[in-house]
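Thanks for coming. I will take a few minutes to walk through one structure, sheet by sheet and then pocket by pocket.

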Amino acid sequence: MASPTTAAAATVAANTTTKQILVDLSPIIKVYTDGTVERPIASPYVPPSPEDPTTAVASKDTATTPATRLHLPKLTTPTQKIPILVYFHGGGFLMESAFSFLDHRYLNILSSKSNALIISVEYRLAPEHPLPAAYEDSWTALKWVCSHILDKTHFEKDPWITNHADFNKLYIGGDSAGANIAHNMAMRAGSEPLPGKVKITGTILCHPYFWGSNPIGNETKEDVEQSICYRIWELAYPNAAGGIDNPMINPIGDGAPSLSGLGCSKLLVSLAEKDILTERGMAYVEKVKESGWKGDVEVVVVEGEDHCFQIFDPESEN
């Protein structure tokens, strides 16, 4: 009969044998052959709060599918109407959450500074739920928000949205993969009406995650194919038609739908000087301008900063 020490050693050895890495995109994510997934640098979940001590913003979570976290700034009157921002967090479709510390902190500050009701979407993550799951969840959440304008709904309306949302000032936005989602939601809204015929006033893309097979600017073919951006997309959407040139990741590629179909009247694209995605963001803006889209587009490039700096350092002047 084996001793407890010998048995334990055998168990560890067996687990080591089966715990083989299938995909390693460290430090973002590791996927193992047994189906387990590790996200080493994901920020921890934090609960909502009736009043954030720093910003006085109230937050709460909904039991909807998908779930959302609402951020409501301090109001001057009980019936005050304020702009709405439906927000999609970043993380390469693979990590982070509407409930994570980094996004919760950032959106509390953003809600306070902009005096807007922010609705952050808890979409499903790849690789457990490959794309287009995150796109479908985000569209469902956007429709749920807009449905509050209807007199009758099949669900119980959220009082924060009912009492305070100004549907004449509906914005959507996100950072990185969340900005990619926001772009695709705006494109879908251009061809598929939202409940109550609500229109998106503006779309805000911070450091949007766009990529493609053809080099842009100073990129080489090797840069493109060996980039983490390429590998993330392969893991997040392995069955994407056209692969890295699918219009959802490469909206300026050959055969992509015209950007004149963007379903919003304003577009803000915010980029960071040191970000590898910036040249593609600039190319996207030029393509929007050339498309014949009737809205107003503005681009901002923040000097000296890198990808998603505002999430990690939200109090910086930049």
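Start with the open sheet of 8 strands, whose order is β4-β5-β7-β6-β8-β9-β10-β11 and whose pairing is mixed. A word on terms: strands (E, at least two residues) and helices (H or I, at least four) are DSSP runs numbered from the N terminus, and two strands pair if DSSP finds at least two bridges between them. At the edges of this sheet are β4 (58–61) and β11, each pairing on one side only. From one strand to the next, the twist averages 15°.

Before going on, the ground rules. This is a predicted model, in which local features need pLDDT of at least 70 and side-chain atom pairs count only at pLDDT 80 or more, while totals for chains, interfaces and linings use all residues. Residues are numbered from 1 along each chain as its sequence is written, and side-chain values use heavy atoms, with hydrogens and water left out.

Back to the sheet. β8 and β9 run parallel and are joined by 5 bridges; Gly174 stands opposite Leu205 in β9. Helix α5 (residues 177–189) lies across β6, β8, β9 and β10, at about 135° to β8. Helix α8 (residues 278–290) lies across β9, β10 and β11, at about 155° to β10. Contact here means heavy atoms within 4.5 Å. The axes are lines fitted to C-alpha atoms, for helices over the stretch in contact, and angles run from 0 to 180 degrees between N-to-C directions.

Now the other open sheet, with 3 strands in the order β1-β2-β3 and antiparallel pairing. β1 (21–25) and β3 (37–38) are at the edges with a single partner strand each, so one side of each has no neighbour in the sheet. β1 is joined to β2 (residues 29–32) by 4 bridges, and a hairpin of 3 residues connects β1 to β2. Two facing pairs can be picked out: Ile21 stands opposite Tyr32 in β2, and Asp24 stands opposite Lys30 in β2. Helix α7 (residues 228–236) lies across β1 and β2, at about 140° to β1.

There is also a salt bridge in this region, meaning a side-chain nitrogen of Lys or Arg within 4 Å of a carboxyl oxygen of Asp or Glu. Lys19 forms one with Asp34, with the closest N and O atoms 3.8 Å apart. Lys19 is in the loop between α1 (4–18) and β1, and Asp34 is in the loop between β2 and β3, 15 residues apart. The count of salt bridges comes to 10.

Last, the pockets. How much volume does the largest pocket have? About 700 Å³. A pocket is an open set of points on a 1 Å grid over the protein atoms alone, where a 1.4 Å probe fits, with protein on both sides within 12 Å along at least five of seven lines; lining residues have an atom within 4 Å of a point. The volume is the space filled by probe spheres set on the points, which are joined across faces, edges and corners.

Of the 27 lining residues of the largest pocket, Tyr106, Leu110, Ile204, Cys206 and Gln310 are the closest to its centre. α2 gives the most to this lining, 5 residues.

The second largest pocket holds about 540 Å³. Among its 23 lining residues, the closest to the centre are Ile28, Gly91, Gly92, Ser176 and His307. α7 supplies the largest share of that lining, 3 residues.
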